[in-house]
Amino acid sequence: MDKKSTSKNQYNLTPRQQLFCDEWLIHRNATRAYLKAYDVQYHSARVEGCKHLTKPAIKAYLDEKLAEIEKRYDKSGINDISTADYEAFKKDGSASCFLA
């Protein structure tokens, strides 16, 4: 079993929760991430996106991924996610490209 699937299964995230997390890791915007993951109106996304960030499984998953991203960029001296990583995310469709 690869690291990516183990990480997802460890937190028991639904596919939509996983998409929400992946989008949030890119934009750091809960409303935008919720709109991408769920077919809802903007106002609902504002409310539910914030609620999603407080769910223990989602918070734990995001905390782990943020720590991995921070560790990676601390080693490289880069202060922000590069354009190449963003493009890799769009192609790959998961935040795993940030953790390579």
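**Helices, core and charged pairs in a predicted model**

The chain is built from six helices and zero strands, where a helix is a DSSP run of H or I with at least four residues, a strand is a run of E with at least two, and both are numbered from the N terminus. Along the sequence, the elements follow the pattern α-α-α-α-α-α. The model is predicted, so that local features need a pLDDT of at least 70 and side-chain atom pairs count only at pLDDT 80 or more, whereas totals for chains, interfaces and linings use all residues. Residues are numbered from 1 along each chain as its sequence is written, and side-chain values use heavy atoms, with hydrogens and water left out.

Of the 100 residues in the chain, 33% are buried; a residue counts as buried under 20% relative accessible area, as exposed over 50%, and as partly exposed in between, with a 1.4 Å probe and protein chains only. The accessible surface comes to about 6300 Å², and carbon and sulfur atoms account for 51% of this surface; such areas come from the Shrake-Rupley method with a 1.4 Å probe, and for residues only the protein chains shown count as cover. Among contacts (heavy atoms within 4.5 Å) between residues at least 6 apart in sequence, 53% join residues at least 24 apart.

The largest nonpolar core has 17 residues, of which Leu13, Phe20, Cys21, Trp24, Ile58, Tyr61 and Leu62 touch the most other members. A nonpolar core is here a set of buried Ala, Val, Leu, Ile, Met, Phe, Trp, Tyr and Cys residues joined through side-chain atoms within 4.5 Å. Helices H2, H3 and H5 (56-76) each supply at least two residues of this core, and H5 gives the most, with five residues. When neighbours within four places in sequence are left aside, Trp24 is in contact with Asn29, Ala30, Ala33, Leu53, Leu62 and Leu66.

The structure also holds three aromatic pairs. Rings of Phe, Tyr and Trp (its six-membered ring) pair if their centres lie within 6.5 Å, and planes under 30 degrees apart count as stacked, over 60 as edge-to-face and the rest as tilted. Phe20 and Tyr34 form an edge-to-face pair, because their ring centres are 6.2 Å apart and their planes stand at 75 degrees. This pair links distant parts of the chain, with Phe20 in helix H2 and Tyr34 in helix H3, 14 residues apart. Phe20 counts as buried at 0% relative accessibility, and Tyr34 counts as buried at 8%. Tyr34 also pairs with Tyr38 in a stacked arrangement, at 4.2 Å centre to centre and with 20 degrees between the planes.

Side chains of opposite charge can pair when their charged atoms come close. The structure holds four salt bridges, each defined as a side-chain nitrogen of Lys or Arg within 4 Å of a carboxyl oxygen of Asp or Glu. In one of them, the side chains of Glu48 and Lys51 meet at 3.5 Å, N to O; these residues are three apart in helix H4 and therefore separated by about one helical turn. Glu48 is partly exposed at 27% relative accessible area, as is Lys51 at 44%. In helix H5, Lys59 and Asp63 lie four residues apart, about one turn of the helix, and form a salt bridge whose closest N and O atoms are 3.1 Å apart. Lys65 and Glu68 form a further salt bridge at 3.7 Å, N to O, and Lys65 counts as buried, at 6% relative accessibility. Salt bridges that share partners join Glu64, Lys65 and Glu68 into one network.

Asn12, in the loop between helix H1 (3-11) and helix H2 (15-27), has a positive phi near 55 degrees and is exposed, with a relative accessible area of 65%. Arg28, in the loop between H2 and H3, likewise has a positive phi near 55 degrees, and at 43% relative accessibility Arg28 counts as partly exposed.
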